[in-house]
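Please open the structure in a viewer and keep the selection tool at hand.

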Amino acid sequence: QTYHCTAEMRSMALARLDLEIELRHAVEISAFELHFQPIVSLSNRETVGLEALVRWRKEHDVLIMPDDFIPTAEACGLMVPINTWVLREAARSAVRFHASNSQNADLYISVNVTLQQFQQLHFVTLVRDILLETGANPKWIRLELTESTAATNPSHAARTIRQLNAMGIKVSIDDFGTGYSSLSYLQTMPFDTVKIDQSFIKRHSDKSADWSFVLAMKNIADSLGMKVIVEGVE
């Protein structure tokens, strides 16, 4: 029994090592692509934005979902180059979208920012350089931070968000209600939008649902002049 257990552990370790080697190569050749999830206004059913979601194109007919490679990327320090690629490609995509669709001048692409990248001292400079390189209008890009990212270093987070705002980039707080859930962050940090985690929608999906949390958050956001995105309503 001990032998089988050790052999299994060795096999798992080798599999993780193989995945890391393949993922490092994928970063070198930018073997990724973006898929876009629409963000729809409930008042008029129009698409107001798109959330950029990264996928790893391992082979021509093999697409790897984030849950299967992001943990490895985080563990071996590859999230910063992957996130940089996502941000640059999102900016390029925004330029293409607006060049071919002049009717929706306010359409934006929302990009998730990881803790590892957000904590870098030159993050704001990186964002500025990407905008200059791609020619993307700052209002076409929206960045998303999770509660835990904002809470890791609140003073740094507030300062960085204000710098991004000064460039014309709006910032959303993502997965609200699943982390630290401190309402003080909504007061002290200049977020534009609150994204309520889909777990609250799945939990309250029946007809007799108690939507008190969602409605309470909407009221708070309204009082602070913030927008609300509710995940999982589809």
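The stops below each name a selection and describe what is found there.

**Before starting.** This is a predicted model, in which local features need pLDDT of at least 70, side-chain atom pairs count only at pLDDT 80 or more, and totals for chains, interfaces and linings use all residues. Residues are numbered from 1 along each chain as its sequence is written, and side-chain values use heavy atoms, with hydrogens and water left out.

**The whole chain.** Select the chain and colour by pLDDT, the predictor's confidence in each residue, from 0 to 100. The average is 87, and 88% of the residues score at least 70. The chain holds 10 helices and eight strands; these are DSSP runs numbered from the N terminus, helices being H or I of at least four residues and strands E of at least two. Among these elements, helix 5 has the highest mean pLDDT (97) and helix 9 (residues 199–203) the lowest (73). Of the 234 residues, 41% are buried, that is, under 20% relative accessible area, where exposed is over 50% and partly exposed in between (1.4 Å probe, protein chains only).

**Helix 3 and helix 5.** Select residues 79–100 and 123–134: the axes of these helices come within 10 Å and cross at roughly 35°. Axes are lines fitted to C-alpha atoms, for helices over the stretch in contact, with angles from 0 to 180 degrees between N-to-C directions. The contact (heavy atoms within 4.5 Å) involves T84, L87, R88, A91, R92 and V95 of helix 3, together with L126, V127, I130, E133 and T134 of helix 5.

**The largest nonpolar core.** Next, select F32, L143, L164 and F191, which touch the most other members of this 61-residue core. A nonpolar core is a set of buried Ala, Val, Leu, Ile, Met, Phe, Trp, Tyr and Cys residues joined through side-chain atoms within 4.5 Å. Helix 3 supplies the largest share of the core, eight residues. Which residues does L143 touch, not counting residues up to four places away in sequence? They are L87, V111, V113, F123, L164, I169, K170, V171 and S172.

**Two loop residues.** Select S30, in the loop between helix 1 (2–29) and strand 1 (32–40). S30 is not a glycine, yet has a positive phi of about 55°; this residue is partly exposed, at 36% relative accessible area. Finally, select R45, in the loop between strand 1 and strand 2 (47–59). R45 also has a positive phi, near 65°, and counts as exposed at 61% relative accessibility.
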